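Reader: I have a model open and want to go through its packing. Can you walk me through it?

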Amino acid sequence: MPREGISYHVDDLWRARVTDRLGELKKRASWLADQSGCPRSMVSELLSKKRDSSTYLPEIHKALGWEPPLG
């Protein structure tokens, strides 16, 4: 069952920023999934271009110390 809520679009710039931020934090994508409550498979799909949107972006941004995305 899909999660309810706004599905936020992600692009290559977002992916690069997330990858860079994980490097700054010395963390892995699995950490990001655990901290945000996002399924690990979805984080992997978002970062590998297999998925281009998610309802978990506010939680992902919070885990990274960023402001939530604009709806």
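**Core and contacts**

Author: This is a predicted model. Its largest nonpolar core has 16 residues, and Trp-14, Val-18, Leu-32, Ile-60 and Leu-64 touch the most other members.

Reader: Which helices supply at least two residues of this core?

Author: Helix H1 (12-25), helix H2 (29-36), helix H3 (40-47) and helix H4 (57-64) each do.

Reader: What is Ile-60 in contact with, leaving aside neighbours within four places in sequence?

Author: Ile-60 is in contact with Trp-14, Leu-32, Ser-36, Cys-38 and Leu-46.

Reader: Back to the helices. At what angle do the axes of H2 and H3 cross?

Author: They cross at roughly 125 degrees, and the axes come within 9 Å. That angle makes H2 oblique to H3.

Reader: Which residues make the contact?

Author: H2 contributes Ala-29, Ser-30, Leu-32, Ala-33 and Asp-34, while Arg-40, Val-43 and Leu-47 come from H3.

Reader: And is the crossing of H2 and H3 left-handed or right-handed?

Author: Right-handed.

Reader: New topic: Thr-55. Where is it found?

Author: Thr-55 sits in the loop between strand S2 (53-54) and H4.

Reader: Does Thr-55 count as buried or exposed, and why?

Author: Thr-55 counts as buried because its relative accessibility is 15%, and the cut-off for buried is under 20%.

Reader: What does the side chain of Thr-55 make a polar contact with?

Author: The side chain of Arg-3, at 3.5 Å. Not counting residues up to four places away in sequence, Thr-55 touches Arg-3, Glu-4, Gly-5, Ile-6 and Ser-7.

How values were computed: Residues are numbered from 1 along each chain as its sequence is written. This is a predicted model: local features need pLDDT of at least 70, side-chain atom pairs count only at pLDDT 80 or more; totals for chains, interfaces and linings use all residues. Side-chain values use heavy atoms; hydrogens and water are left out. A nonpolar core is a set of buried Ala, Val, Leu, Ile, Met, Phe, Trp, Tyr and Cys residues joined through side-chain atoms within 4.5 Å. Buried means under 20% relative accessible area, exposed over 50%, partly exposed in between (1.4 Å probe, protein chains only). Helices (H or I, at least four residues) and strands (E, at least two) are DSSP runs, numbered from the N terminus. Contact means heavy atoms within 4.5 Å. A polar contact is a pair of N or O atoms within 3.5 Å; within protein, one must be able to donate a hydrogen and the other to accept it, and residues adjacent in sequence count only if both atoms are side-chain atoms. Axes are lines fitted to C-alpha atoms, for helices over the stretch in contact, and angles run from 0 to 180 degrees between N-to-C directions. Angles under 35 degrees count as roughly parallel, over 145 as roughly antiparallel, 65 to 115 as roughly perpendicular and the rest as oblique. A crossing is left-handed if the near helix is turned anticlockwise from the far one by less than a right angle, and right-handed if clockwise.
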